[in-house]
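Keep the sequence and the 3D view open while you read.

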Amino acid sequence: MATGPTINFSLTDLLDALPDGVVWSKAVYDDFEQVVDFQVTYVNGTARQMTASIHEVRPGMLWRETLATYLPAEPDSFEAMSAVLATGTPDEYSFQNEAQHIWYTIRRSRLHGGILSVVRDVSSLQYTRQQADQQNALVATMLDGAINGVLLLEPVYELDQLVDFEIVAANKSIRMLTGVEAGKATGQLMSTTYPGYKLGGFFDLYKRVLQDGQPGREEYWYDDGRLKGWFEVSVVRQEQQIVLTFTNTTNVRTAILTAQQAAERLQAVIDHSQTGIFVFSPVFDESGEQIVDFRFKTINRMVAALVGQTPDKLTGAVASDWFISYRETGLFDKYKRTYLTGEPQRFDINYNVDGFDVWFDVQSVRVESDVLVTFTDYTLLKQAQQAIEQQAIQTRKQTELLNGVLDGSESGIIAFEAIRDPDRQQGIIDFRVMVANKASESILKLSVEAMEGKKLYDIFPGNWKTGLFDLYVQTTETGQPGHTEVYYNHDGLDCWLSVSVQQLGDGFVVTFSDISALKRANRAVEEAADELITVIDTSQTGIFLFLPLRNEQGEVVDFRFKVANKQLARYIGKDVSEVTGGLGSNLFPDYMTNGLFNKYRETYLTGRTNRFDFHYYGSGIDAWLDIMSTKMGDAVLVTFTDYTALKKLQQQLENTIADLKRSNANLEQFAYVASHDLQEPLRKIQSFGDVLQNSFGNQLGEEGSGLIGRMQTAANRMAGLIRDLLAYSRLTTHPDANQAVSLQMVLSRVLDDLELTIQETGTVVHTGHLPTVIGDEMQLRQLLQNLVSNAIKFRLPDGHPVVQISSSRLAANELPADVHPLQQAPHYERIDLTDNGIGFDQKYNDRIFQVFQRLHGRSQYEGTGIGLAIVQRVVDNHGGAVTASSEPGKGATFTIYLPAIN
């Protein structure tokens, strides 16, 4: 072990190879044994290189006379060196070589009556720290300048199931949006901070984005009792976390918590430089051929301190006695190779055995029959390097996060730097675009590439006309955030913008959104509200909105008018303004007792819509109302129509209808009784006539017999008339039994009844398929029998009757314009009966269906004139219609329309 200032040659070579600068200065004393200076005695090669650009340090130089002038040091460096020499306490300081932009750390310690200075280049650590600080500052400023709320969420699992999200970071804007402080939200579960987010659809959206990695954007309603509103949420997965932003806000400052500062992650820069030095002598086996260990020949305090001993204690000791596992680390093999081959070796090793976990930069050189080993403990540097790598990863994540936030935002975000004029006291004359996000392109109709690096005036000079430039200058100079809404109709743009400004260095970040649609919507809402008020007040329908009034027990005991129109106010002779805000029980006291209050309360409590007719009678009001009550939020909307006039008319009509029914019933009873009672004397007249004709015909002579014959003929006509009148009277009501009736079957029975007449007259009947309808079979049989009988009766004198019967189905909108069935139906069955008889003049079309109407004398065609009246009545009873068309001598067509079965 060296004990004096004289430096061993081989040790000098080793020190020259060290990455650290090493300078040993001896003390210079005056005649009074006082230290007056320090003289450089030894300088290794690294130290000479470090000081070459300032003033190369060489042996023989004095600190106070020469070096203090050139080399930067702490104030009173001579006094500091003297203190180290006197006390033996090492000191350390750092400085920057501005010419070479290099940072150094110098550790001074007492050694053999002088000062040993060890210099280390720590520039990479210093610059890495500065870059990390700048990146964190940029991320924080950009996020705090955003107008959107931003949350960084981390999934929470229980039994491998995603059950919640933890808020890892949040920006300041969430307080304005949700009333929650960002600091209080961070670290909390979403279900704790926003308890309603699982019910509103938010949780499902976050879960989906986390699982499939596809960005999502939805709009949901949120309500947890404290916070209510619609939130538009954009979600982007970032590795195993999700980033969400929500919009519709201004003056937002991000509160995304930055990762722990680089200074907190990095351990203190290496406190002092320490170099271990020792000389190994080989230990051979019994044969003297194999090296089995090494023995410490020379060792310094640094090495001895590793095992808590002094150099004297370890000198001469076998290495494996103190560093038991150094063979396992490979160190023994490396030292052995150096000894055997003579090749110097330099390597790094993590010595993590024998209770150690340190990193060494080791160099081994063979010196004659020994091995010289020097090593530097750079554990702190290695840890710092690992921390820097971790910080770099975090910085990259933050950059990706920032890019995700910026590009995922619907708002435009642009960062500007100020352009100042030295001739105007460094006043701001313009700004230059530093960075812009994708959303800026769609809003400003200009690509990011076309904006970045350009001056604001060159691309958007309208900022000066709208006053936005002044806002930017104020924020940049004062640091005060700014916000405004402006109508921008310059530079090819025509829109409303919501603009927020946040200072960023010597510039600002502007966040802006196109709110033109919102402005138009607000204007439309205002116009619609005015129109709605006008419509409500001019409506003939009463409209009002009731708010519940509760007692101390929370029971609804009355309602208060929130909105009322003029139609309601007119009932009590007041203006709308007098009704609004008033209690229902004060303005309409009867509604508490007449049942209306109970109806409205039922609607409010159950949420069911009620519609009912109500006769309001009391307090000077006598009105019939059609009322509908509907729950709307926490109120009841009531609309009503006053149909008092219609009600009175209805009552009059009901009375008239009742009178008509009684009259018709009396008339039908009279017709039936009269027809029935007339038959008995008529049968006696016919019977007595037959007796006179048969018993006394010879005595009466030809003239008397003729009179009796005429009497019998008149009696027969009277009998037919009475029968037809009786049949007609029975048809004055609707059929008693409505059922499905096949007209095909009915026609078949009619033709069977008329078979003899058909044969005698030579009638030919052509029938198509006839439908089935709902009706009374007996009445429908009378209808077809009368029509077929008339077709045979009213035949041409010299021809044979030909009757054509067919049917078809028509939609309601296909009916002829002059056909109006009594019963509405979607479809109708049309039955046409056409003959080739004598026909009639079309001008008698309406007359032929009336009772007792005849177009020919009794001598030409027998009959009573009631047959077609029966046809009309049967058709009416079945809700249909009947028409006839004809020309004299060309036959006639009768068309029946009956409701079809769907």
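The points below go through strands, then helices, then aromatic rings.

1. Keep in mind that this is a predicted model. Every value here is computed from it.

2. Start with a sheet. In what order do its 5 strands lie? The order is S2-S1-S5-S4-S3. The sheet is open, and its pairing is antiparallel. Strand S2 (35-43) and strand S3 (91-97) are the edge strands, and each pairs on one side only. Neighbouring strands are turned by 25° against each other on average, with direction ignored. As a reminder, strands of a sheet pair through backbone hydrogen bonds, either parallel or antiparallel.

3. Look at one pairing in that sheet. Strand S1 covers residues 21-29 and is joined to S2 by 7 bridges.

4. Now move along the chain. Strand S13 (residues 345-351) pairs with strand S14 (residues 358-367) in the antiparallel sense, over 7 bridges. Here Arg 346 stands opposite Gln 363. S14 is also joined to strand S15 (residues 370-377), by 8 bridges, and these two run antiparallel. In that pairing, Arg 366 faces Val 371.

5. Check the turn between S14 and S15. The two strands form a hairpin with 2 residues between them. Glu 368 has a positive phi there, near 55°.

6. Helix H4 spans residues 77-87. Its buried residues are Ser 77, Phe 78, Ala 80, Met 81, Val 84 and Leu 85. An α-helix has 3.6 residues a turn, so residues three or four places apart point the same way. Ala 86 and Thr 87 lie on the other side of H4 and are exposed. After H4 comes Gly 88, with a positive phi near 80°.

7. Helix H29 (residues 777-793) passes a length check. At 1.5 Å a residue, its 17 residues should span 24 Å, and its end C-alpha atoms are 24 Å apart, which agrees. At the start of H29, a side-chain oxygen of Asp 776 comes to within 2.9 Å of the backbone nitrogen of Met 778. The buried residues of H29 include Leu 780, Leu 783, Leu 784 and Leu 787.

8. Turn to the rings. How many aromatic pairs does the whole structure hold? A search finds 46. Take Phe 284 and Tyr 339: their ring centres are 6.5 Å apart and their planes lie at 65°, so this pair is edge-to-face. Phe 284 is in strand S11 (residues 275-284) and Tyr 339 is in helix H14 (residues 331-341), so the pair ties together parts 55 residues apart in sequence. Phe 284 has 35% relative accessibility and counts as partly exposed. Tyr 339, at 12%, counts as buried.

9. Tyr 472 and Phe 508 are stacked, at 4.4 Å centre to centre with 20° between the planes. Tyr 472 sits in helix H20 (residues 468-478) and Phe 508 in strand S20 (residues 507-514), 36 residues apart. Both residues are buried.

10. Finish with a cluster of aromatic residues. Its members include Phe 544, Phe 561, Tyr 571, Tyr 600 and Phe 640.

Methods: Residues are numbered from 1 along each chain as its sequence is written. This is a predicted model: local features need pLDDT of at least 70, side-chain atom pairs count only at pLDDT 80 or more; totals for chains, interfaces and linings use all residues. Side-chain values use heavy atoms; hydrogens and water are left out. Two strands pair if DSSP finds at least two bridges between them. Helices (H or I, at least four residues) and strands (E, at least two) are DSSP runs, numbered from the N terminus. Axes are lines fitted to C-alpha atoms, for helices over the stretch in contact, and angles run from 0 to 180 degrees between N-to-C directions. The expected span of a helix is 1.5 Å times one less than its number of residues. Buried means under 20% relative accessible area, exposed over 50%, partly exposed in between (1.4 Å probe, protein chains only). A polar contact is a pair of N or O atoms within 3.5 Å; within protein, one must be able to donate a hydrogen and the other to accept it, and residues adjacent in sequence count only if both atoms are side-chain atoms. Rings of Phe, Tyr and Trp (its six-membered ring) pair if their centres lie within 6.5 Å; planes under 30 degrees apart count as stacked, over 60 as edge-to-face and the rest as tilted.
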